[in-house]
Amino acid sequence: MKKMEVVVLVLISVLLGVLGQLSLKQGMKNIGNFEIRDFTTSKIFKLIEEKFVVIGIALYAIATLFWLVILSKAELSFAYPMLALGYILIAIFSKIFFNENISLIRFLGILLISIGIFLLLRS
């Protein structure tokens, strides 16, 4: 498989994973505080009933199917580090959709990740 095809598949997988994570976050905002002990109570049913949680899990499942295709075609040492694109997208979308704080130190970390991905793609 050509490198560009792998990159496109990784981008699709990452985007689906990011959308899944954003959906899960929205679902948990809708549910409210949830503790580990809640897994053993009837509160667990709130997870199953929350549409954003269900959508998030479904998006993760689809992203995993794309990832399996990638693993069958590409070197893991090339493909796996590109998943770090998700960190960048999550930071951007978290600011946009949830008004989360992106401090200078977070921004610098994201910048370093971006540089690393650029170097990886040039290898």
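Mentor: Of the chain's 123 residues, 32% count as buried, buried meaning under 20% relative accessible area with a 1.4 Å probe, protein chains only. Please note that this is a predicted model, in which local features need pLDDT of at least 70 and side-chain atom pairs count only at pLDDT 80 or more, while totals for chains, interfaces and linings use all residues. Residues are numbered from 1 along each chain as its sequence is written, and side-chain values use heavy atoms, with hydrogens and water left out.

Trainee: How many helices and strands are there in the chain?

Mentor: The chain has 6 helices and 0 strands, where helices are DSSP runs of H or I with at least four residues and strands are E runs of at least two, numbered from the N terminus.

Trainee: Which residues touch the most other members of the largest nonpolar core?

Mentor: They are V6, V10, I70, F78, A79 and M82, in a core of 21 residues. A nonpolar core here is a set of buried Ala, Val, Leu, Ile, Met, Phe, Trp, Tyr and Cys residues joined through side-chain atoms within 4.5 Å.

Trainee: And which helix supplies the largest share of this core?

Mentor: Helix 1 does, with 7 residues.

Trainee: What is A79 in contact with, leaving aside its neighbours within four places in sequence?

Mentor: A79 is in contact with V10, W67, I70 and A74; contact means heavy atoms within 4.5 Å.

Trainee: Turning to packing, at what angle do helix 1 and helix 5 pack?

Mentor: The angle is about 40°, and the axes of helix 1 and helix 5 are 10 Å apart. Axes are lines fitted to C-alpha atoms, for helices over the stretch in contact, and angles run from 0 to 180 degrees between N-to-C directions.

Trainee: Which classes do the residues of that contact of helix 1 with helix 5 divide into?

Mentor: There are 10 nonpolar, 4 polar and 2 charged residues. Ala, Val, Leu, Ile, Met, Phe, Trp, Tyr, Cys and Pro count as nonpolar, Asp, Glu, Lys and Arg as charged, and the others, Gly among them, as polar.

Trainee: And how far apart are the axes of helix 5 and helix 6?

Mentor: Helix 5 (residues 85-98) and helix 6 (residues 104-121) have axes 9 Å apart, at an angle of about 145°. L85, Y87, I88 and A91 of helix 5 make the contact with I110, I113, S114 and I117 of helix 6. By class, that contact has 7 nonpolar, 1 polar and no charged residues.

Conventions:
Buried means under 20% relative accessible area, exposed over 50%, partly exposed in between (1.4 Å probe, protein chains only).
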